[in-house]
Amino acid sequence: MTVKEFFGCTFIAYGPAFALFIFTIAREPLRIIILIAGCFFWLLSLLFSSVLWNIVWPLKDQLAFGVVFSVLFQEVFRFFIYKLLRKADEGLQTFSDEPPTATDKHMIAYVAGLGFGLMSGAFSLVNVLAMATGPGTVGIHGDTPYFFLTSALMTSCFILLHTFWNVIFFWGCDKRNIPAVGFVVGFHMLISCLTLIRPLQPATIIPAYCILLVTMAIAYKLVGGSVNNLTAFLTCKRAGYASN
Amino acid sequence: MAVSGSVFSLLLLCFPLCLAQFRSVHDMIYVNITAQAPCVRLMNATHQIGCTSAVSGNVGVLHYCAEQSDVDWLVRSAKNPPYMPLMVPPLFTYDNVQALRASGKVSGILVVNGNRSDPQPPPTGFSPVHKCPNDGYGLYKDDPEYAHCKNTTWNPLGTGLSYLDFDFPISLLLNQTDVDNLIDCYNRFNKYDNESNQQYPLCAVQIKDRMDGAKDSITCIRRSELSSQSLNPFVYCDALGDKNVWGTLRPLNKSTPLDNRKDLILASAKIDTWSLFHNVGGVGANDATGFIALLAAAEALGKLDQAEKEGMKDVMFVFFQGESFDYIGSSRMVYDMKRGHFPEKLDDKVLQPSLVNTKNIQYYLEVSQVGLWEQSGLWAHSDPVSQKTSAVRDNVNTIFAAIENATESSNVTIRKPPSFQALPPASLQRFLREDSRVAGMVLSDHMAAYSNDYFMSRLDLPVEIGMDIPAGLKPDQAYDYTTKQGASLTKVATVIARTLYLLASNKTASEATKIEVNSTTINHLLYCFLQQANCPLFAEVLTSKSAAALKSLPGPLPRYVSVPHDTASQISQVIANVLTFYLGERLPSLNKSSECKTPSKDHIHSYIFMNGRPVLNPTDNTTSYASFCIRAPVRFSKAESPAFLSKEMLHSNEYPTWTESRWTVINAKIFLVSSEAEQTITLSVGVVVLLVSLVLVYFINSKSEVLFTAPEAAY
């Protein structure tokens with residue numbers, strides 16, 4: 001039995017997201033509400049994608065069609081949740097005693113993005129994991145034997161990507177910065193189509209993680225990070241000493 | 001399992017789009033085995049036999065055994081158990097199976113089903129039943145001289161393989177594509193040098209055929225009964241059984257009861273056979289020659305004109321079901337006769353046949369295996385014990401004289417084995433056990449040990465008894481083709497028909513020569529029962545509905561007795577219809593299927609609206625059927641062991657107690673397994689990723705003011 005593989009892949013795929021949830025979200029009820037809202041909006045995008053997929057029946061077997069429209073729907077719903085959260089911002093702030101800051105705006109974007117990512121991660125891996133507990137492993141038809149591992153890595157990558165994309169996307173919308181929004185939609189489409197060309201092979205994983213690094217760097221820059229901050233963090237300097 | 005269960009329920013909550021991918025992931029990992037005949041668990045009062053897998057199935061690394069050396073390697077040197085050997089037919093022997101089982105290295109066995117025309121049997125023969133079949137339920141159970149085949153070993157090649165209890169599955173692969181898939185997978189992944197280490201991933205097989213019943217019939221029935229009172233009733237096993245078919249040359253009627261008259265002639269044969277593998281069709285060919293010859297003899301006698309039939313003694317043809325399992329069919333018939341319930345309890349309101357009792361039987365002729373008589377001669381066996389009574393001895397001698405007279409004008413020689421030799425396993429034993437005054441003989445193709453080297457196995461195939469139908473023939477040519485067996489069985493059937501005629505009519509041997517069994521009939525019966533059930537004869541004699549059901553059957557009908565249903569099994573139904581067709585009178589006035597119904601008050605006859613032959617309509621090229629209504633004194637009787645009628649009888653050791661375990665799924669699949677080390681690496685990577693994430697996020701969160709110095713103005 002490959003219960004071992006099952007747990008291994010589960011930890012790889014959901015470990016980072018779990019850590020983020022535990023330390024940054026779990027203790028704040030407001031953030032949990034936003035997280036669930038993020039999940040819900042991703043599900044809505046899935047609902048619309050599947051409705052479209054069902055209606056346009058001649059293209060049911062064309063995976064590319066489904067992927068492209070699914071990405072578009074996700075981005076549209078990312079915009080909707082942005083609108084909703086910004087509208088709700090004032091209401092939500094009544095729970096808080098302090099006035100809103102830029103950090104709070106980024107926090108909302110980050111939490112909603114994690115919700116978005118978690119739901120997409122759940123859907124992309126749960127069915128694969130269900131199969132992983134059986135006695136067999138992939139490969140009898142010549143598929144890569146690393147199928148489960150690459151699926152888990154890909155899922156982990158997508159959860160994090162959604163989180164960072166959301167931060168960039170919300171910032172772009174706030175600033176009316178079209179390139180930032182375009183960057184998110186463009187890279188989402190790019191990486192999704194990449195999986196179409198070479199589905200779940202190590203060759204897809206490396207570019208995906210490169211994109212993740214770039215996205216992460218941009219998001220970090222946007223929320224007020226810099227190389228100096230990073231070095232300060234790495235050299236264990238306390239706040240206050242950081243020189244801007 | 002709990003994990004996969006919870007994940008699965010989560011999945012069900014998901015939406016249908018998942019399913020598309022869900023299936024494809026399954027297909028990426030598994031290749032299903034499409035057709036298999038498993039060895040299933042059966043139980044009697046004291047034992048369980050057969051096979052079962054674990055609840056979640058048995059998994060083993062595939063090892064293709066094409067040579068004896070492959071089996072030896074598994075037993076001696078294989079290092080990474082469990083294995084799942086795939087064995088070619090000549091290697092699947094008792095010794096090999098026992099060696100593999102004793103090694104503890106196999107989790108199941110797959111057997112290649114050889115080509116039916118070239119089955120490649122083990123050179124030493126193959127019979128997986130006991131050396132002394134049905135021992136303990138026959139006539140000589142406690143006989144000091146004859147018990148346990150002391151006097152003659154009937155089946156010396158019998159190994160008893162079918163009667164062993166295996167804790168792993170054994171499956172016969174019926175589809176050559178599956179075998180090819182397995183061998184291909186083996187060649188790609190498992191073809192390592194026998195000495196060196198295996199290289200993962202390895203090709204493996206899972207067989208799932210968990211049996212619900214366990215221990216023995218008594219336990220299993222008690223469990224089912226206990227469960228029947230619960231909220232979730234569950235049946236663990238069912239008693240084996242079906243229906244016997246019996247018919248008479250002219251109707252028996254209770255208005256002229258047999259009473260104490262001893263002038264009934266009973267001719268019987270057994271229908272069923274058994275092999276280690278569940279419900280394989282077209283096996284037990286030599287076993288089938290008996291009932292085929294008797295059916296053909298019934299046709300020859302059925303053609304006599306009505307006046308002549310009226311002048312003859314009553315002749316009853318009986319086709320017993322379940323005889324392979326300690327005489328289920330005959331033990332029930334004898335039990336019913338003894339209680340005065342055969343054919344049924346008398347009831348004033350309905351038209352019924354007269355009661356038949358064992359004491360009414362004057363002559364009993366049983367046809368056993370007769371397919372190989374040209375090699376080993378035709379033999380008439382009788383019981384030495386009951387012949388100590390002179391009245392019985394005289395009647396037995398009369399039967400033998402009749403057989404000798406019947407052979408006169410043909411070149412068949414009938415011989416008697418030495419007078420001290422016991423009766424071979426036969427339904428007659430159950431009659432004699434109840435009433436030692438029944439005079440009977442058993443016709444067979446062996447003097448002592450069986451001539452059949454494949455008794456009760458999947459290898460008792462038509463080709464082994466000389467059914468040499470050339471490969472290139474079209475189905476309708478093969479149907480009419482006279483095989484070696486067809487020619488030789490026609491002679492035996494003629495002898496049987498004439499013997500019955502002589503016994504029933506007091507005519508001379510020369511007058512009996514007018515009785516002739518048609519070789520076409522034999523050819524058709526052999527073809528339909530052993531080669532292809534979807535054949536013109538069956539299509540003609542069945543009802544249109546049953547005939548349509550046979551169309552989808554790829555080969556011959558299985559003859560395993562199975563478990564009883566409201567209606568008779570397909571094989572009993574077909575035999576009843578063929579017998580009705582041969583013995584019956586057509587009723588042209590009833591030309592609609594709705595009119596041709598057995599009247600509810602008539603328990604003497606059966607009315608069947610037969611499908612008839614296809615008639616091509618030349619004007620519009622459509623086919624219609626010349627359906628007709630036919631009536632004959634042919635009925636079913638229960639072939640269910642009396643043991644299950646009461647607790648006392650279940651424990652009495654008198655009657656067969658065989659039950660078949662129930663099961664829910666039977667499937668098998670091929671896939672790759674990764675090494676233990678690889679799985680551990682995956683798990684370790686997962687744990688490391690989780691821990692690193694936790695630590696990293698903890699520090700990022702606690703030092704967020706260092707990392708993110710977001711100036712208000714920047715937003």
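## Conventions and confidence

Helices (H or I, at least four residues) and strands (E, at least two) are DSSP runs, numbered from the N terminus. The structure is a predicted model, in which local features need pLDDT of at least 70 and side-chain atom pairs count only at pLDDT 80 or more, while totals for chains, interfaces and linings use all residues. Residues are numbered from 1 along each chain as its sequence is written, and chains are lettered from A and ligands numbered from 1 in the order in which they are written.

The predictor assigns the complex an ipTM of 0.92 and a pTM of 0.87. In pLDDT, the predictor's confidence in each residue from 0 to 100, chain A averages 87, with 91% of the residues scoring at least 70. Chain B averages 91, and 95% of its residues score at least 70. Two residues are in contact if their C-beta atoms, placed from the backbone, lie within 7 Å. Over residues 239-244 of chain A, pLDDT stays under 50, and the model has nine contacts beyond four places in sequence for this stretch. Residues 1-22 of chain B also stay under 50, with 22 such contacts.

## A tryptophan in chain A

Helix 2 (residues 29-55) of chain A contains Trp53(A). A residue is buried if 20 or more other C-beta atoms lie within 10 Å of its own, exposed if 12 or fewer, and partly exposed in between, with C-beta atoms placed from the backbone. Trp53(A) counts as partly exposed because it has 18 C-beta neighbours inside 10 Å. Not counting residues up to four places away in sequence, Trp53(A) touches Lys60(A) and Gly66(A). Cys39(A) is 14 residues from Trp53(A) along the chain, and their C-alpha atoms are separated by 21 Å.

## Overall architecture of chain B

Chain B has 715 residues, of which 51% are buried. Its C-alpha atoms fill a box of roughly 125 × 60 × 55 Å, taken along the principal axes, and its secondary structure comes to 22 helices and 25 strands. Among its contacts between residues at least 6 apart in sequence, 79% join residues at least 24 apart.

Domain bounds come from an automatic or database domain assignment. This divides chain B into domain 1 (1-25), domain 2 (33-128 + 159-224 + 665-671), domain 3 (241-585 + 635-640) and domain 4 (679-714). The C-alpha centres of domain 2 and domain 4 of chain B lie 51 Å apart.

Two strands pair if DSSP finds at least two bridges between them. In chain B, eight strands form an open sheet of mixed pairing, in the order 16-15-17-14-12-13-11-23. Strand 16 (414-415) and strand 23 (634-640) of chain B each have a single partner strand, so one side of each is left without a neighbour in the sheet. Strand 12 (residues 264-270) and strand 14 (residues 361-367) of chain B pair in the parallel sense over five bridges, and Ala267(B) has Leu365(B) as its bridge partner in strand 14 of chain B. Helix 11 (residues 390-407) of chain B lies across strands 14, 15, 16 and 17 of chain B. This helix runs at about 50° to strand 14 of chain B, where axes are lines fitted to C-alpha atoms, for helices over the stretch in contact, and angles run from 0 to 180 degrees between N-to-C directions.

A nonpolar core is a set of buried Ala, Val, Leu, Ile, Met, Phe, Trp, Tyr and Cys residues joined through C-beta atoms within 7 Å. The largest one has 271 residues, and Ala297(B) and Leu500(B) have the most contacts inside it. Beyond its neighbours within four places in sequence, Leu500(B) is in contact with residues including Ala267(B), Ala297(B) and Leu365(B).

Strand 2 and strand 8 (residues 170-173) of chain B pair in the antiparallel sense over three bridges; Gln36(B) has Leu173(B) as its bridge partner in strand 8 of chain B.

## Backbone details

The peptide bond from Pro81(B) to Pro82(B) is cis, and Pro82(B) lies in the loop between helix 3 and strand 6 of chain B. Gln120(B), in the loop between strand 7 and strand 8 of chain B, has a positive phi near 45°.
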